[in-house]
Amino acid sequence: MPTNGLHQVLKIQFGLVNDTDRYLTAESFGFKVNASAPSLKRKQTWVLEPDPGQGSAVLLRSSHLGRYLSAEEDGRVACEAEQPGRDCRFLVLPQPDGRWVLQSEPHGRFFGGTEDQLSCFATAISPAELWTVHLAIHPQAHLLSVSRRRYVHLCPREDEMAADGDKPWGVDALLTLIFRSRQYCLKSCDSRYLRSDGRLVWEPEPQACYTLEFKAGKLAFKDCNGRYLAPMGPAGTLKAGRNTRPSKDELFDLEESHPQVVLVAANHRYVSVRQGVNVSANQDDELDHETFLMQIDQETKKCTFYSSTGGYWTLVTHGGIQATATQVSANTMFEMEWRGRRVALKASNGRYVCMKKNGQLAAISDFVGVALPRDPTPPAWTGKVAGGAAQQTLSLPGKDEEFTLKLINRPILVLRGLDGFVCHRRGSNQLDTNRSVYDVFHLSFSDGAYQIRGRGGGFWYTGSHGSVCSDGERAEDFVFEFRERGRLAIRARSGKYLRGGASGLLRADADAPAGTALWEY
């Protein structure tokens, strides 16, 4: 049975880029290391671990091998150690420009080099010993102040970002880390960048670029003047303070940003907990009480819905649905069935959740049926003929077991597949799916489908033979299906799913939402 995991700190994975823009790589064959790869993929991903002993030394573990980088006394390096030994201990020496120098703690020599000529034998620091940190995690997350235990979010009225949220609720709590010129920018949900003086600007100015530092598994953001971002004053306004060394006030956790959704029932009203514990479709506005945090269990692929009032949806007596559970259990898990632009939810009793006449939700339907019309106007005449006679059919408003599900905390979107991030292909209107850098795309929503807009305002659309292009003047509808934890499938109007392929191009030709047709978002 899945456990509660509303606030999960992301394990910081990263790549190390040398002075020639090549990534430190751990090879499976011979456990050798080199700096030959032009992009960040599995073999180029590393995890920083604290040394189990006392002191400031750290360990570098290859994410894909599970083995540790080591440097011998003669300077030879490898990534072979299954258990960290003395030679695996390194000191991280941050440089003024934000790059790292790695020094062997037992031997005092510096690690660097090019291509397959890497060693840890340098007695002085040259450009070959400088490494840039490139985060390998998905760049959209929540930012938690370690000292205040408050979440950073956009404050539109004050035109600032502040660490004053008890929970990362709503779209304002979404932050996107933008990697450019070996530094990072903090992008708010409305696509503005945070400057070190606390102002929000539309362009990534030098004052809006930061170098990353790690301390005890936490992140610090250093500006161009060597000062660190911190929440300031009673309001927790985020800007650079006076400190030139990161203390607890300047440290942050990155937390996974789960999808937050609203649901609209067949009566065109929002599902809500505004009027009590009963989950009901009875509201016309989309506010906190109508927003639910959705988590998908990796094993069962079933989902939970967590309300702003602090309770999970749960199945109660006679099939009712209430937002009262404080722990995840079988009764809080719902199976999702994707039905075109709509979704149906099946509860643990094997029945579908439907909307009753009073708007309350209950898991009492054995199948997804057709709703009776609530509009007293006469049924529409279709003019269809069956069996030689004219036949009258109903213009039906929808099915009581079907809901429109809208993702609200991704107004801007970054997609990552098995081979890398989605990014515009240089000199083309097509999209790459194997890049270590990413483009940010803008989402709009209409009647259960999404429109995706890229660089220059062009819309995504499907071209001939399943190609996906990004320079459309008209928007094409794509359906998002949330299939796994942190991953979705995107279905084009042809009914095919978008996938990455051997060519590295985004295509709409997958028959099933699996493998390369699933996207981290």
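Biologist: In this predicted model, how many bridges join strand 25 (residues 260-264) to strand 28?
Modeller: Strand 25 and strand 28 run antiparallel, and V261 stands opposite F292 of strand 28. The model is a predicted one, and in it the number of bridges that join strand 25 to strand 28 is two.

Biologist: Which residue is the bridge partner of L293 in strand 29?
Modeller: Strand 28 also pairs with strand 29, in the antiparallel sense and over five bridges. Within this pairing, L293 has as its bridge partner in strand 29 the residue Y306.

Biologist: Strand 28 and strand 29 form a hairpin, so to speak, with a turn between them; which residue in the turn has a positive phi?
Modeller: Six residues lie between strand 28 and strand 29 in this hairpin. Most residues other than glycine have a negative phi. The residue of the turn with a positive phi, of about 65°, is K301.

Biologist: How many of the residues of strand 28 are buried?
Modeller: F292, M294 and I296 point one way from strand 28, while L293 and Q295 point the other way, and the residues of both groups are buried. Strand 28 (residues 292-296) is accordingly described as mostly covered, and the count of its buried residues is five of five.

Biologist: Which strand gives the largest share of the lining of the largest pocket?
Modeller: The largest pocket, with a volume of about 920 Å³, is lined by 41 residues, of which A136, H138, R416, R487 and E520 lie nearest its centre. Strand 13 (140-145), strand 24 (252-256), strand 28 and strand 50 (519-520) each supply at least two residues of this lining. The largest share, three residues, comes from strand 28.

Biologist: How many charged residues does the lining of the largest pocket have?
Modeller: Of the residues lying nearest the centre of the largest pocket, R416, R487 and E520 belong to the charged class. Over the whole lining there are 14 nonpolar and 14 polar residues, and the number of charged residues is 13.

Biologist: Which strand gives the largest share of the lining of the second largest pocket?
Modeller: About 790 Å³ of space lies in the second largest pocket, whose lining of 29 residues has F179, R180, V437, Y438 and D439 nearest the centre. By class, this lining has 12 nonpolar, eight polar and nine charged residues. Strand 16 (175-180) and strand 40 (421-424) each supply at least two residues, and the largest share, three residues, comes from strand 16.

Biologist: How much space lies in the largest cavity?
Modeller: The structure holds five cavities of 30 Å³ or more. The largest cavity is lined by G98, R99, T132, V133, R182, Q183, Y184, Y210, T211 and L212, which divide into four nonpolar, four polar and two charged residues. Strand 12 (132-135), strand 17 (183-187) and strand 20 (211-215) each supply at least two residues of that lining. The space in the largest cavity is about 70 Å³.

Biologist: How many nonpolar residues does the lining of the second largest cavity have?
Modeller: The second largest cavity holds about 50 Å³ of space, and W338, G340, R341, R342, V343, F403, L405, G448, Y450, F480 and F482 line it. Strand 33 (342-346) and strand 46 (479-484) are the elements that give two or more residues to this lining. By class, two of the lining residues are polar and two are charged, and the number that are nonpolar is seven.

Biologist: Is S191 buried or exposed?
Modeller: S191 is found in the loop between strand 17 and strand 18 (193-194), and it has a positive phi of about 75° although it is not a glycine. Because its relative accessible area of 13% falls under the 20% limit, S191 counts as buried.

Biologist: Is H465 buried or exposed?
Modeller: H465 also has a positive phi, of about 60°, although it is not a glycine, and its place is the loop between strand 44 (459-462) and strand 45 (468-472). Since its relative accessibility of 73% is over the 50% limit, H465 counts as exposed.

Biologist: The backbone oxygen of which residue lies 3.2 Å from a polar atom of the side chain of S308?
Modeller: S308 sits in the loop between strand 29 (303-307) and strand 30 (312-315), and it is buried, with a relative accessible area of 14%. Leaving aside residues up to four places away in sequence, S308 touches K167, W169, D288, H289 and T291. The backbone oxygen at 3.2 Å from the polar side-chain atom of S308 belongs to D288.

Note on methods. Residues are numbered from 1 along each chain as its sequence is written. This is a predicted model: local features need pLDDT of at least 70, side-chain atom pairs count only at pLDDT 80 or more; totals for chains, interfaces and linings use all residues. Side-chain values use heavy atoms; hydrogens and water are left out. Helices (H or I, at least four residues) and strands (E, at least two) are DSSP runs, numbered from the N terminus. Buried means under 20% relative accessible area, exposed over 50%, partly exposed in between (1.4 Å probe, protein chains only). A polar contact is a pair of N or O atoms within 3.5 Å; within protein, one must be able to donate a hydrogen and the other to accept it, and residues adjacent in sequence count only if both atoms are side-chain atoms. Contact means heavy atoms within 4.5 Å. Two strands pair if DSSP finds at least two bridges between them. On a 1 Å grid over the protein atoms alone, a cavity is a set of points where a 1.4 Å probe fits but cannot get out, and a pocket is an open set with protein on both sides within 12 Å along at least five of seven lines; lining residues have an atom within 4 Å of a point. Grid points are joined across faces, edges and corners, and a volume is the space filled by probe spheres set on the points.
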